[in-house]
Amino acid sequence: MKKFLCIILAIMMLVPVGTAALAMNAGAEDVLKAELVSNTASAENSAKNAEGATISGKVNVSFIFNNDGKATLLQGGHPVKVVNIAANGSYLFDKLAEGTYDLRISIPGWTENNVTSISVSENEDVEICENVVFGGDVDQSGVIDVLDVAAALANLGENVTSTNINSDVDHNKEVCLGDISVILATKNYGQSAFTSSYFNDGWTNPY
């Protein structure tokens with residue numbers, strides 16, 4: 001009988017110990033999970049910090065440029081990054097350091113568009129609402145006039161090369177009457193290139 005009671009007492013003493021051990025294991029798992037979540041969040045924040053700032057925008061024309069159109073980011077007058085303008089007129093600069101930049105939009109046969117004093121802080125996303133360009137600046141003088149018409153007519157019927165690419169205003173890889181039409185269009189003829197200043201709401205002063 002005494003032996004039986006001793007066995008029962010031993011079992012009763014072991015139960016709390018086992019329960020406590022399970023509780024300790026569960027607590028350890030919770031701590032590990034918490035540390036994992038914390039480390040993951042920290043890694044994600046570090047990755048975001050490494051991405052840097054972005055500057056994006058869109059040109060006011062939407063036909064395919066065949067990767068001829070370029071958006072150039074400058075600091076102190078020196079190019080720091082160049083990207084192609086996409087078929088829909090959009091462009092994006094990413095992984096930028098904090099600072100102040102100037103932007104130049106250049107498309108063969110079109111007027112340039114320049115935006116100055118674009119300030120970005122760390123990891124900020126800046127959007128330029130619109131870059132306005134005009135088709136027909138064949139001689140790249142900054143003004144669309146009769147001299148551009150004459151320059152395009154001189155290359156009429158020719159396939160596009162590096163020497164006459166500005167005459168291919170509609171960027172169809174051939175200098176044709178369509179290019180002349182673009183130059184003489186009311187919205188283009190007489191227009192000139194301009195530089196605008198960036199404002200914090202994303203808009204630019206157009207003239």
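This briefing covers the overall fold elements of the chain and then a few individual sites. The model is a predicted one, and its chain contains 3 helices and 8 strands. Of the 207 residues in the chain, 32% are buried.

**Order of elements**
- Read from the N terminus, the elements follow the order α-β-β-β-β-β-β-β-α-α-β.
- Helix α1 spans residues 2-51, and helix α2 spans residues 146-154.

- Asn123 is located in the loop that lies between β6 (113-120) and β7 (125-131).
- With a relative accessibility of 18%, Asn123 counts as buried, since buried means under 20% relative accessible area.
- A polar atom of the Asn123 side chain lies 3.4 Å from the backbone nitrogen of Gly52.

- Ala154 is part of helix α2 (residues 146-154), and its relative accessible area of 58% is why Ala154 is classed as exposed, the cut-off being over 50%.
- Although 21 residues separate Ala154 from Val175 in sequence, their C-alpha atoms are 9.5 Å apart in space.

Conventions
Residues numbered from 1 in each chain as written. Predicted model: local features only at pLDDT ≥ 70, side-chain atom pairs only at ≥ 80, totals over all residues. Heavy atoms only, no water. Helix = DSSP H or I, 4+ residues; strand = E, 2+ residues; numbered from the N terminus. Buried < 20%, exposed > 50% of the residue type's maximum accessible area, 1.4 Å probe, protein only. Polar contact = N/O pair within 3.5 Å; in protein donor to acceptor, adjacent residues only side chain to side chain.
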